[in-house]
Amino acid sequence: MTETKIIYKWEREMAGETVIITGGAQRLGLYNAERLAEEGYRAVVTYRRKRDTLKYLEEKGIGAIQAGFSTEKGIDDFINAVLKTHSSPRAVIHNASLWFPDNLILEGKERFSDLVNVHMLAPFKINYAFKPLPDSSPSAMKDIIHMTDFTVFKGSGYHAAYSGTKAALENMTLSFSAMSGPGIQINNIAPALVKFNAWDDEEYRKAAAKKSIMGFEPGEAVACQAVSYLMNSPYVTGTCLHLDGGRHLV
């Protein structure tokens with residue numbers, strides 16, 4: 001029988017439990033990194049290009065690795081860097097994402113292969129790279145969390161490529177959880193819109209809120225609650241937590 005153990009902040013710091021969050025220099029990834037660092041984890045984020053938040057991350061004691069997941073070389077370079085400096089991460093949260101409409105692909109302004117590499121190839125190779133790590137120490141790999149999207153289950157009229165590659169990541173949750181248990185639990189979180197952008201006008205905000213049963217903007221905290229639940233549950237794997245406020249019922 002698996003015993004549920006609450007590990008307090010000072011114990012995590014002593015154990016050096018590292019949590020890697022890809023694409024963690026902004027929005028949900030950044031918020032999760034902040035909360036995990038506050039809980040005593042050694043949070044490490046990846047970023048694609050330099051951002052104003054990098055100095056803020058350093059001040060918070062959050063590590064940052066520049067990584068380009070749109071190419072296989074970039075993915076491999078990241079894996080090698082992690083294995084050299086963080087040999088046994090406690091968890092990986094695949095949050096890195098690209099989001100652009102199909103017309104930009106058709107017009108040659110964006111590449112479909114970039115979506116495939118970021119949403120599919122990077123998690124695939126990273127999961128395989130970390131899966132064999134031993135589970136004998138408290139800080140060894142325990143959780144992999146894929147961040148997918150609400151559109152995986154509904155489709156999208158303008159972002160079929162984005163939605164399709166996120167759907168592949170949803171399916172990989174099932175495959176990797178089956179091959180990685182019982183030592184590593186692998187799940188995914190599928191958020192809809194949880195936080196408006198600063199430039200979203202009032203009309204858009206009202207229309208977006210009506211798309212869910214709950215009818216309000218919950219903020220990034222709901223994603224942190226989902227991550228916390230999955231990382232602290234000893235008996236959940238191969239599943240999806242839907243953060244859509246009941247959109248599937250509207």
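Accessible areas here come from the Shrake-Rupley method with a 1.4 Å probe. By that method the protein has an accessible surface of about 13,200 Å². Carbon and sulfur atoms hold 55% of that surface. The model is predicted.

Start with the overall make-up. The protein contains nine helices and seven strands. It has 250 residues, and 46% of them are buried. Next come the contacts between residues at least 6 apart in sequence. Of these, 70% link residues that are at least 24 apart.

Now turn to strand β2, residues 42–47. Five of its six residues are buried, so the strand is largely enclosed by the rest of the structure. A residue counts as buried when its relative accessible area is under 20%. In a regular strand, side chains alternate between the two faces of the sheet.

Which strands pair with β2? One is β1, residues 18–21, which runs parallel to β2 and is joined to it by four bridges. V19 stands opposite A43 of β2 in this pairing. Another is β3, residues 63–66. β3 and β2 also pair in the parallel sense, over four bridges. Here V44 stands opposite G63 of β3.

Follow the chain through these strands. Helix α2, residues 27–38, belongs with β1 and β2 to a β-α-β unit. That unit is right-handed.

Next, a pair of helices. Helix α4 covers residues 72–85, and helix α6 covers residues 112–130. They pack at an angle of about 35 degrees. Their axes lie 10 Å apart. The crossing is right-handed. Which residues of α4 meet α6? They are E72, I75, D76, F78, I79, V82 and L83. On the α6 side, the residues are N117, L121, A122, K125, I126, A129 and F130.

Finish at H159. It sits in the loop between β5 (143–147) and α7 (160–180). Is H159 buried or exposed? Its relative accessible area is 12%. The cut-off for buried is under 20%, so H159 is buried. What does H159 touch, leaving aside its neighbours within four places in sequence? It is in contact with W99, F100, P101 and D102.

How values were computed. Residues numbered from 1 in each chain as written. Predicted model: local features only at pLDDT ≥ 70, side-chain atom pairs only at ≥ 80, totals over all residues. Heavy atoms only, no water. Helix = DSSP H or I, 4+ residues; strand = E, 2+ residues; numbered from the N terminus. Buried < 20%, exposed > 50% of the residue type's maximum accessible area, 1.4 Å probe, protein only. Contact = heavy atoms within 4.5 Å. Pairing = 2+ DSSP bridges. Right-handed = clockwise from strand over helix to strand, strands pointing away. Axes fitted to C-alpha atoms, helices over the stretch in contact; angles between N-to-C directions. Left-handed = near helix turned anticlockwise from the far one by under 90°.
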